[in-house]
Amino acid sequence: MNSKNNTIIAANLQILNDDQAWHYRAIAHRGEYGIEIHTDNQDSLIKEELEFMVGEAVKVILTDREELTKQLQKYHPRINIKKGDNPRIYTGNSENFLNDLILEANRLKSSDIHIESYEQSCRIRIRIDGQMAERYQLKKNEYPAIINKIKIFSGLDIAEKRLPQDGRINYSDNHSRFDIRVSILPTLHGEKIVMRLLNNDATNIDINNVGFNEDDLKHYLESVNRPNGMVLISGPTGSGKTTTLYSTLKVLNKESRNILTIEDPIEYTLEGINQVQLKESIGLTFPVALRTFLRQDPDIIMVGEIRDVDTAAMAIRASLTGHLVLSTIHTNSAWGTVSRLIDMGIPAFLLANTLNAPIAQRLLRVLCQKCKEKEAFNPELYPPKFKPYFTVNEHYIKKGCDSCFHTGYSGRKAVYEIIPIDTELGMKIKDNCFDISPELKKRKIKTLAENAFSLFASGETTLKEIYPLLFNY
């Protein structure tokens with residue numbers, strides 16, 4: 001199968017569904033002169049059967065078996081279904097296409113589904129392990145029906161096509177139950193929809209498995225086990241901050257504690273914790289919820305995100321009055337949290353007295369253990385002016401196999417930078433000190449770059465994954 005054909009397969013996946021593709025061992029795409037079927041199946045009846053199935057003439061092209069298997073795994077990945085699971089099958093003209101798409105994305109552990117409209121075509125992409133991959137294309141005349149179905153399911157106005165809309169779908173069937181956050185954005189050629197899949201099951205979240213090294217975990221648990229103060233996790237969207245917070249709540253969730261959360265959205269549900277969904281449209285904002293929380297006799301408060309000075313001020317007030325406050329904030333580094341809050345207008349002396357630990361977090365893709373390969377490392381590959389923390393003579397590179405859908409990666413792991421605040425660092429906060437690198441070295445606190453570099457050196461990830469972090473240090 002040549003490279004030209006590979007670039008257009010994703011636009012024609014719906015010619016054959018996943019089961020049909022594997023049954024016939026065939027990859028179908030629409031070429032210049034009609035449908036072309038790439039297969040290693042030499043059955044004389046395959047052409048006749050496929051023509052009957054797709055409803056038009058096809059051209060069969062025999063393809064190398066190994067290459068075809070790679071393409072089948074990449075474009076028609078087989079999902080490991082639990083015993084008793086009975087997934088719906090999409091045939092190309094099914095009324096249940098939207099439902100099947102959601103099920104497929106959930107089984108692939110995708111975080112988001114993107115449905116986009118362009119001048120001549122519409123496409124569907126899904127995000128897996130932080131990376132976007134095109135999955136389907138729709139005909140322009142099929143696109144409005146999909147949009148309207150999503151609007152109806154999420155309780156939105158199907159007549160409104162000029163303004164952004166936000167909604168929510170509570171999805172459930174015999175085997176799955178999760179929420180979907182829907183965002184609709186008007187664009188030049190139609191409405192773009194992003195559906196974020198929120199897995200409500202917190203059963204598998206474990207503080208010991210999120211990515212902390214031994215020292216960082218010790219510092220983190222010391223910070224969150226204090227009776228009061230603030231623990232703030234910083235990082236970009238999609239860096240796993242919420243998962244870290246929920247794993248923390250599972251540790252802190254005791255019968256003797258009253259735990260309240262205000263979130264947007266509620267991504268997981270935990271028995272024994274009182275969770276509140278933010279509703280700005282009716283005035284239920286972070287500051288309003290926090291004021292009410294203080295009258296609810298809390299021990300621990302979790303705030304989904306500190307977005308503004310009012311939320312920050314209420315979080316400071318809560319921590320000053322004997323409560324432990326957990327939250328997230330958007331900054332580039334752990335110490336950047338201090339500067340961000342001071343810029344918001346929080347007095348430095350209050351911050352110094354309430355901040356237990358600022359934390360920075362990132363997610364890195366982990367190499368597939370079944371196909372990664374070792375090779376000699378060339379130090380010239382490092383970013384300009386970067387000085388490695390120790391010598392690396394060999395590293396692992398991604399290759400791709402059936403297990404990882406030929407991406408070379410399988411799953412993600414978090415890396416952290418945790419700065420426990422003591423009296424000396426509290427004085428640095430009061431002095432609004434920007435560079436505390438000497439203090440971190442004295443305390444042997446590892447930065448994001450150091451922890452990421454350790455993952456690379458141990459063969460868990462690639463230089464490409466950690467490159468942006470090395471470049472910043």
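# Close-up views

**View 1. Ser-319 is found in helix H10.** This is a predicted model, in which local features need pLDDT of at least 70 and side-chain atom pairs count only at pLDDT 80 or more, while totals for chains, interfaces and linings use all residues. Residues are numbered from 1 along each chain as its sequence is written, and side-chain values use heavy atoms, with hydrogens and water left out. Helices (H or I, at least four residues) and strands (E, at least two) are DSSP runs, numbered from the N terminus. Is Ser-319 buried or exposed? Ser-319 counts as buried because its relative accessibility is 1%. Buried means under 20% relative accessible area, exposed means over 50%, and partly exposed lies in between (1.4 Å probe, protein chains only). A polar atom of the Ser-319 side chain lies 2.8 Å from the backbone oxygen of Ile-316. Such a polar contact is a pair of N or O atoms within 3.5 Å; within protein, one must be able to donate a hydrogen and the other to accept it, and residues adjacent in sequence count only if both atoms are side-chain atoms. Leaving aside neighbours within four places in sequence, Ser-319 is in contact with Asn-228, Gly-229, Met-230, Val-325 and Thr-354. Contact means heavy atoms within 4.5 Å.

**View 2. Helix H9 packs with helix H10.** Two packed helices are described by the angle between their axes and the distance between the axes. For H9 (residues 286-293) and H10 (residues 309-320), the angle is about 20° and the axes are 8 Å apart. That makes H9 roughly parallel to H10. Axes are lines fitted to C-alpha atoms, for helices over the stretch in contact, and angles run from 0 to 180 degrees between N-to-C directions. Angles under 35 degrees count as roughly parallel, over 145 as roughly antiparallel, 65 to 115 as roughly perpendicular and the rest as oblique. From H9, Phe-286, Pro-287, Leu-290 and Arg-291 meet Asp-310, Thr-311, Met-314 and Ala-315 of H10. By class, this contact has five nonpolar, one polar and two charged residues. Ala, Val, Leu, Ile, Met, Phe, Trp, Tyr, Cys and Pro count as nonpolar, Asp, Glu, Lys and Arg as charged, and the others, Gly among them, as polar.

**View 3. Ser-327 sits in strand E14 (residues 324-329).** Ser-327 counts as buried, because its relative accessibility is 0%. The side chain of Ser-327 reaches the backbone oxygen of Val-303 at 2.8 Å. Beyond neighbours within four places in sequence, the contacts of Ser-327 include Val-231, Leu-245, Val-303 and Ile-306.

View 4. Most residues other than glycine have a negative phi, and most peptide bonds are trans. Lys-109 lies in the loop between helix H5 (97-107) and strand E4 (112-117). Lys-109 is exposed, at 72% relative accessibility. Lys-444 lies in the loop between helix H14 (437-442) and helix H15 (448-457). Lys-444 is exposed, with a relative accessible area of 74%.

**View 5. Lys-446 lies in the loop between H14 and H15.** At 37% relative accessibility, Lys-446 counts as partly exposed. Not counting residues up to four places away in sequence, Lys-446 touches Asn-213, Tyr-416, Glu-417, Asn-451 and Ser-454.

**View 6. The peptide bond from Asp-264 to Pro-265 is cis.** Its omega is near 0°. Pro-265 is in the loop between strand E11 (259-263) and strand E12 (274-277).
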